[in-house]
Amino acid sequence: MAPKSDSTDAIVLRYLNEQNRPLNSQNVADALQKYNLKKAAIQKALDTLADNGKISFKEYGKQKVYLARQDQFDIPNSEELSRMKQENEKLQEQLGEQKRSISEVEGEIKALQSNLTLEQIREKEAKLTNEVNEMEDRLEKLRGGVTLVKPEDRKAVEQMVYEKISQWRKRKRMFKDLWDSITENSPKDVKEFKEEIGLEYDDDVGVSLQSYSDLLQRGKKRSSGDLQQQCAKRPPLQ
């Protein structure tokens, strides 16, 4: 709300003098909404101020543009303008230095915030120590020959892998028979035909049936070797 001592004319006049730039009634009304002044009241105040010679205006068709009277402002001469320009340059330099200082301080704050506190360091150290101890215990068990996987679990996994490999081998053979039948009398180049339909072999995607078969065989041999070692450790029957 505008102070009671200020009339609409006084508020509008003060605003135009502060802005000192061309404004129409809508510009003034938008800017003075905080005073809850209606556009009609602002338009009346502008016309009254213009009629009384307190502001100037120009007409552009049906629209009027209002401006503060320029004779009320002190116009600096060339020397004053030169001095003001130099002062402005100095102020710009000072502003640049302040911005650089602020940037450096913000960088230091960011670096400090990224560092761990003493409490956080101790918590992380305790966590890492526990992890190291757990891994050392596991390593010790492995060195001592302790079986970490139950035989029945290992057997179930091996059986599952064996079934998957068997299905893989079966489907691979079925595909080969079908592919050979399709391409046997085809006039197209087999390689080009394969690329045309977007077909990929195992080698194209970096997998090998034989490598998985070998892995399963090594696992079985290892299991057999572990069983023999366990039997060798048992005392002979009397």
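1. A pocket here is an open set of points on a 1 Å grid over the protein atoms alone, where a 1.4 Å probe fits and protein lies on both sides within 12 Å along at least five of seven lines. The model is predicted: local features need pLDDT of at least 70 and side-chain atom pairs count only at pLDDT 80 or more, while totals for chains, interfaces and linings use all residues. Residues are numbered from 1 along each chain as its sequence is written, and side-chain values use heavy atoms, with hydrogens and water left out.

2. The lining of this pocket (residues with an atom within 4 Å of a point) includes Trp168, Arg171, Phe175, Trp179, Tyr201 and Leu209. Helix α6 supplies the largest share of that lining, seven residues. By class, the lining divides into five nonpolar, no polar and seven charged residues; Ala, Val, Leu, Ile, Met, Phe, Trp, Tyr, Cys and Pro count as nonpolar, Asp, Glu, Lys and Arg as charged, and the others, Gly among them, as polar.

3. Aromatic pairs are taken between rings of Phe, Tyr and Trp (its six-membered ring) with centres within 6.5 Å; planes under 30 degrees apart are stacked, over 60 edge-to-face, and the rest tilted. The count by this rule is five pairs. One of them, Phe175 with Trp179, is stacked, at 5.9 Å centre to centre and 20° between the planes. Both residues belong to helix α6 (residues 151–183) and are four residues apart, about one turn of the helix. Trp179 is buried at 8% relative accessible area, whereas Phe175 is partly exposed at 32% (buried is under 20%, exposed over 50%, partly exposed in between, with a 1.4 Å probe and protein chains only).

4. Phe175 also pairs with Tyr201, in an edge-to-face arrangement at 6.4 Å centre to centre and 70° between the planes. Tyr201 lies in the loop between α7 (190–196) and α8 (209–233) and Phe175 in α6, so this pair ties together parts that are 26 residues apart in sequence. Tyr201 is partly exposed, with 31% relative accessibility. Phe175, Trp179, Phe193 and Tyr201 make up one aromatic cluster.

5. Lys194 lies over the face of Tyr201, 4.8 Å from the ring centre. Elsewhere, the charged end of Lys64 sits over the ring of Phe57, at 5.1 Å from its centre. The criterion is NZ of Lys or CZ of Arg within 6 Å of the ring centre and within 35 degrees of the ring normal.

6. The protein has eight helices and two strands, as DSSP runs numbered from the N terminus (helices H or I, at least four residues; strands E, at least two). Of its 238 residues, 14% count as buried. The largest nonpolar core has 17 residues, and Val12, Leu16 and Ile55 are among those with the most contacts inside it. Such a core is a set of buried Ala, Val, Leu, Ile, Met, Phe, Trp, Tyr and Cys residues joined through side-chain atoms within 4.5 Å. Elements giving two or more residues to this core are α1 (8–19), α2 (25–31) and α3 (39–51), and α3 gives the largest share, five residues.

7. Asn20, in the loop between α1 and α2, has a positive phi near 50°. Asn36, in the loop between α2 and α3, has a positive phi near 60° and is exposed at 52% relative accessible area.
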